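Here's a quick briefing to read with the model open next to you.

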Amino acid sequence: MNDALAHERLVGVLQLIDRWGGLYERRWGKQAPYQEQPELASQVDALIDEVRTRTKLAHDVITVMGEKELAAKVVEHEEGLYGGHPFTQARVAIVEAVAILAQREELAEIVGPIGPRLVASELHPNIWSAAAKLWDDGYVRPAVQTAATALEGLLQRIAGPGLSGENLAILFSINDPTIGSPRLRLRDVDPTSKTWKSAHEGAAALVRGAFMGVRNLVSHPGWPDPSPREAIEMLAVLSYVAHLIDRSDVVNSS
């Protein structure tokens, strides 16, 4: 969500409501000189449809902000229900929403860009399900080791138990399959394109990296325990390779 644009739009809606509200209050003699001014009726009527449309926009923006209870107040109500014109409650809610956005913008200036967050539960289900229990119990290193074993199992189901670790990269070899040595072919890459060779050689390199740069390191006692941040990045590498397997078809020698 573009907070700055949302802030600008809400302020615009607020200004429109205030402009219309001033006409409404003077029309019905609720502002000095406290005398009804029927000649303003046409202006009130002419502007109310725009107020309704922009108030609906404000409602939707505040909903997207995640402030559903506040958004529920940004509606037209019965005249006099909240002591003013039919958009009095909406105006108060929009003022509050503008304040929330201003606080968000100030926080963003303080902490800098937040960017996307990596959520462990959104990793490949085979990888996270293998690691989750150990991770939740505080065993970060064993969680990565177990997840790497799960990835190895996914690849061995295709290649057979005779291959292990980085040798499983042969599944993405650009060479044709041979008897007893199948291949994985990414189904969403055109085999006639230049991308095809790069995609499969890259996938093979990622398989080697997953075992040499992740599984082997956390399995060697000389490698320091990864921090939770490092461990989740390692799991992300394993997860990406697992997703590449899902995106591939198994091709056997004909």
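Ser239 is buried, with a relative accessible area of 4%; buried here means under 20% relative accessible area, exposed means over 50%, and partly exposed is in between (1.4 Å probe, protein chains only). You'll find Ser239 in helix α8. This is a predicted model, where local features need pLDDT of at least 70 and side-chain atom pairs count only at pLDDT 80 or more, while totals for chains, interfaces and linings use all residues. Residues are numbered from 1 along each chain as its sequence is written, and side-chain values use heavy atoms, with hydrogens and water left out.

**Around Ser239 and His124**

- Leaving aside neighbours within four places in sequence, Ser239 is in contact (heavy atoms within 4.5 Å) with Leu123, His124 and Ile127.
- His124 sits in the loop between α4 (88-111) and α5; helices here are DSSP runs of H or I with at least four residues, strands are E runs of at least two, and both are numbered from the N terminus.
- His124 is buried too, with a relative accessible area of 2%.
- Besides Ser239, the contacts of His124 include Leu154, Ala242, His243 and Asp246, again leaving aside neighbours within four places in sequence.
- The side chains of His124 and Asp246 make a polar contact at 2.6 Å. That term covers a pair of N or O atoms within 3.5 Å; within protein, one must be able to donate a hydrogen and the other to accept it, and residues adjacent in sequence count only if both atoms are side-chain atoms.
- His124 and Ala242 are 118 residues apart in sequence, but their C-alpha atoms are 6.6 Å apart in space.

**Helix α8**

- The end C-alpha atoms of α8 are 27 Å apart, which agrees with the 27 Å that its 19 residues should span at 1.5 Å a residue. The expected span is 1.5 Å times one less than the number of residues.
- Among the buried residues of α8 are Ile232, Met234, Leu235, Leu238, Val241 and Leu244.
- The buried residues of α8 pack against α5 (125-136), α6, β1, α7 and β2 (248-251).
- Ala231 lies in this helix and counts as buried at 0% relative accessibility.
- Not counting residues up to four places away in sequence, Ala231 touches Trp135, Val140, Val144 and Pro226.
- Ala231 and Trp135 are 96 residues apart in sequence and 9.7 Å apart in space, C-alpha to C-alpha.

**Helix α7 and what sits against it**

- Helix α7 (residues 194-219) has 26 residues and reaches 37 Å from first C-alpha to last, close to the expected 38 Å.
- A kink of about 30° in α7 is centred on Gly209; the bend at a residue is the angle between axes fitted to the seven residues ending there and the seven starting there.
- Buried residues of α7 include Trp196, His200, Ala204, Val207, Phe211 and Arg215.
- Those buried residues of α7 pack against α6 (140-159), β1 (183-186) and α8 (228-246).
- From helix α6 comes Glu152, which is buried at 12% relative accessible area.
- The side chain of Glu152 reaches the backbone nitrogen of Gly165 at 2.8 Å.
- Setting aside neighbours within four places in sequence, Glu152 contacts Ser164, Gly165, Leu168, Phe211 and Arg215.
- Ala169, in the loop between α6 and β1, is buried with a relative accessible area of 6%.
- Ala169 is in contact with Ala204, Val207 and Arg208, leaving aside neighbours within four places in sequence.

**The whole chain**

- The secondary structure comes to eight helices and two strands, running α-α-α-α-α-α-β-α-α-β from the N terminus.
- The chain is more spread out than a compact globule, because its radius of gyration is 30 Å, well over the 18 Å that the globule rule gives for 254 residues. That radius is taken over C-alpha atoms, and the rule is 2.2 Å times the number of residues to the power 0.38.
- The C-alpha trace spans about 95 × 45 × 30 Å along its principal axes.
- Of the 254 residues, 39% count as buried.
- Of the contacts with a separation of 6 or more, 64% are between residues 24 or more positions apart.
- The accessible surface is about 14500 Å², with 54% of it belonging to carbon and sulfur atoms; the areas come from the Shrake-Rupley method with a 1.4 Å probe, and for residues only the protein chains shown count as cover.
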